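I opened the notebook to look up side-chain pairings and an annotated site. My entries follow the order in which I checked them.

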Amino acid sequence: MTKAGSNLSLDGQGNPVWLLLELTYKCPLKCAFCSNPTDLDAYGNELNTAEWKKVIHEARSMGAMQIGFSGGEPTLHKDLEELVAEANDLGYYTNLITSGIGLTRKRLENLKAAGLRHIQLGFQSDHRETAHWLAGVDCYDKKISIAREIKSLGFPMVLNVPISSINIHQVPGIIELATEIGVEYLELANVQYYNWALVNRNQLMPTREALEKAELQVAEARARLGDRITIFFVIPDYYEDRPKACMNGWGSIHLTIAPDGVALPCSQARAIPGLDFPSVRDHDLRWIWHESDSFNIYRGDSWMKEPCRSCSEKEIDFGGCRCQAMLLTGDAANADPACSKSPHHHIIQQAVAKALQTEQDHKHLIARDVGWVSTEVWHNDLDTN
């Protein structure tokens, strides 16, 4: 398989390049691989529209160029169009990361008029039953319909499909469906094991053989389809000997704002206990980014332990993922156990072995069941607006 680590290097000249606004953790889906926190009820008191606009202005003044509106499900925010327009007026490249369930033709038209440039649509499978099982609700037909509406309005589009043991055998069909819809980009993103996905890791992890077969199927499709579609196949680093270059390094180019206004170097950073992540309600972004302890603690390499500190690859993978190191070893400063040089690599090896020994009984998946919004109530609400 190809290497999981990335050679991409982006220089924000010490400032954030990519701003991700998690407008809410509420969502109409119950995905067992959801990357939102498992203790969702702990994060209420969401930012209001004026507060989000302040964040958008402050990040742009620092040089941020791209903005993603995400969640949960960002279309639950009643002023999404207003926020998109604000970002567009300031010169951001705007991206909506959505399940599609809260979109209608009219709302897509309004978002396009507001200046939305790009849409990433989450998808589960080319099979209705599998899609229902993975999402926890019956949404296949709605997603297909809204994907076609997105393309009919001329939006560039990424179809993002989290890959697990449940749907990895469907990769050829997913590729054909994406091609038929006419999307420009298909991201087959093997599930990364955080939050709900970590809870369900034993049931979600595919075999190495399944991954290698899927990778060959992707290579064949790329050769056959040429420039018609760009297909990304993101390998889980559990099966590699090097970790991914997480966020291009801690506090390097990426800035996430959680629904309650807490600023994070990545959306998973709350997995690290003991760090006092500041809120945009209490500090301006420039201070948070440059001065706060939580954004500086894992910058550079002075925090690194061996073997990372003396490793010739530390400027390529930045020691891997701090959140994964914390979740699996109990210390965020340890070498990411996904790395074969890490003294904790055996944790990954044991996790893989355990997952492959576990009967793949997907009835035992624990679905996200908090922060959930009934699709029936939601659609009724949409119909009245």
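I call a residue buried under 20% relative accessible area, exposed over 50% and partly exposed in between, with a 1.4 Å probe and protein chains only. The model is predicted, so I noted the limits: local features need pLDDT of at least 70, side-chain atom pairs count only at pLDDT 80 or more, and totals for chains, interfaces and linings use all residues. Residues are numbered from 1 along each chain as its sequence is written, and side-chain values use heavy atoms, leaving out hydrogens and water.

**Entry: salt bridges**

I took a salt bridge as a side-chain nitrogen of Lys or Arg within 4 Å of a carboxyl oxygen of Asp or Glu. Side chains of opposite charge can pair when their charged atoms come close. I get 20 salt bridges by this rule.

I looked at Lys 78 and Asp 79, whose side chains form a salt bridge at 3.1 Å, N to O. Is Lys 78 buried or exposed? Lys 78 counts as exposed because its relative accessible area is 69%. Asp 79 has 17%, so I list Asp 79 as buried.

Next I checked Glu 81 and Arg 107, which meet in a salt bridge of 2.6 Å, N to O. Glu 81 belongs to helix α2 and Arg 107 to helix α3 (residues 105-114), so this pair ties together parts 26 residues apart in sequence. Glu 81 is buried at 17% relative accessible area. Arg 107 is buried too, at 10%.

Salt bridges with shared partners join Lys 53, Glu 82 and Glu 86 into one network. Within it I looked up Glu 86 and Lys 53, which meet at 3.9 Å, N to O. Glu 86 sits in helix α2 (residues 80-89) and Lys 53 in helix α1, 33 residues apart.

**Entry: aromatic pairs**

My rule pairs rings of Phe, Tyr and Trp (its six-membered ring) with centres within 6.5 Å; planes under 30 degrees apart are stacked, over 60 edge-to-face, and the rest tilted. I find six aromatic pairs. One of them is Tyr 193 with Tyr 238, edge-to-face, at 5.2 Å centre to centre and 70° between the planes. Tyr 193 is in the loop between β6 (185-190) and α7 (195-199), and Tyr 238 in the loop between β7 (230-234) and β8 (254-257), 45 residues apart. Tyr 193 is buried because its relative accessibility is 3%. Tyr 238 is buried at 5%.

Tyr 298 and Trp 303 also pair edge-to-face, at 5.3 Å centre to centre and 80° between the planes. Both are buried. With Trp 250 they form one aromatic cluster.

**Entry: charges over rings**

I count a charge over a ring if NZ of Lys or CZ of Arg is within 6 Å of the ring centre and within 35 degrees of the ring normal. Arg 60 has its charged end over the ring of Tyr 92, 5.7 Å from the centre. Lys 112 does this over Phe 155, at 4.6 Å.

**Entry: annotated site**

Which residues does the record list? The unreviewed UniProt entry puts a "binding site" at Cys 27, Cys 31 and Cys 34. Cys 31 lies in the loop between β1 (18-22) and α1 (49-61). Cys 31 is buried at 9% relative accessibility.

Definitions and conventions. Helices (H or I, at least four residues) and strands (E, at least two) are DSSP runs, numbered from the N terminus. UniProt positions are given in the numbering used here, feature names are shortened, and annotations may be inferred rather than shown by experiment.
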